[in-house]
Amino acid sequence: MKDYIQLTKPSLSIMVVFSSVISYLLVPNVSMDWWRIVLLFAGGMLVTGSANTINMVVEKDTDALMKRTAKRPIASGRITPEQGWGFAILTGAIGVFILGYYFNWTAALLAAFSLFLYAFVYTPLKKVNSIAVLVGAVPGALPCLIGWVAGFVPGQDIDWLGGAVMFGIQFLWQFPHFWAIAWVAHKDYSEAGFKLLPSDKGPTKFTALQTLVYSLLLVPITVAPFFTGISTTNGTKGIVALGLVIVANIFMILRCATLYNKMDVKSARNVMFGSYMYLPVVLLALLLAKV
């Protein structure tokens, strides 16, 4: 059971589904219904876990080459690829059904598309070209759109602008986040044949500059919810929320600027851990000032 849970990459999945749940709660007419939150969380965990399991099946040989992934259940042989496929199909199907039956089938279709894109396009592309990061950022950001769309009852008009804003936040956030990870684990990744940094020469000034550029691009998209009817600047909560978003952006920009100046693993690690703190702060700030 422990190995099957490990297949889903629970820490990663929880973070992804957290974004989905917050996006759901940001829909104007959605209330704090704990039963529906649990259902959305469960459906999201199952779909995300399915995609992560397929990733481990497909990358079992390369996982075995890298120190940090060699002990994964399939790479180490504790679970067979066939068992992995069976688990992925079962969890994926149940997750999509939960989203479709209890919320709406648009959210379910988006979840199924996200699973397919991550498992069958992004995963094999990682060994072909660094554009894989751009491709992977789409299924990485879709949980925000899925959560947002899930907040609309069947037959209700969906506010796609709000969904696009939430998608955009997580989409842009992934670039400094993932490139920092790829910087720290560059040796492992390159030896396994993965091409994940924007420069073929590995961690360079160009890579550091890219993290800085995307951290700057996060400023307008994270402020956009205050001008698109998602969050408000009215009242104390609104002012505090906007302040938190601005401070979080300054924090992220400074960490990326330090990486650009110092060009070392320690700075890349600071960007990585900083990004883990940044996203929850921004999302919870938006929820604090929800319209």
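This is a predicted model: local features need pLDDT of at least 70, side-chain atom pairs count only at pLDDT 80 or more; totals for chains, interfaces and linings use all residues.
Residues are numbered from 1 along each chain as its sequence is written, and side-chain values use heavy atoms, with hydrogens and water left out.

Ala-182 sits in helix α8. Helices (H or I, at least four residues) and strands (E, at least two) are DSSP runs, numbered from the N terminus. With neighbours within four places in sequence set aside, Ala-182 touches Tyr-189, Leu-196 and Leu-197; contact is taken as heavy atoms within 4.5 Å. Thr-207 is 25 residues away from Ala-182 along the chain, and the C-alpha atoms of the two are separated by 10 Å.

Zooming out, the chain has twelve helices and zero strands. Buried residues account for 54% of its 291 residues. Among contacts with a separation of 6 or more, 73% join residues 24 or more positions apart.

Next comes the inside of the fold. A nonpolar core is a set of buried Ala, Val, Leu, Ile, Met, Phe, Trp, Tyr and Cys residues joined through side-chain atoms within 4.5 Å. The largest such core holds 89 residues, and those with the most contacts inside it are Tyr-24, Leu-99, Met-166, Tyr-189 and Leu-286. Helix α8 (residues 160–184) supplies the largest share of this core, 14 residues. Apart from it lies another core, of six residues, including Met-56, Ile-74, Ile-79 and Phe-87. As for Leu-286, and again skipping neighbours within four places in sequence, its contacts are Leu-26, Met-166, Ile-169, Thr-222, Pro-225, Phe-226, Ser-231 and Val-245.

On overall dimensions, a compact globule of 291 residues would have a radius of gyration near 19 Å, and the chain agrees, with 19 Å. That radius is taken over C-alpha atoms, and the globule rule is 2.2 Å times the number of residues to the power 0.38. Along the principal axes, the C-alpha atoms fill a box of roughly 55 × 50 × 30 Å.

Terms used:
Buried means under 20% relative accessible area, exposed over 50%, partly exposed in between (1.4 Å probe, protein chains only).
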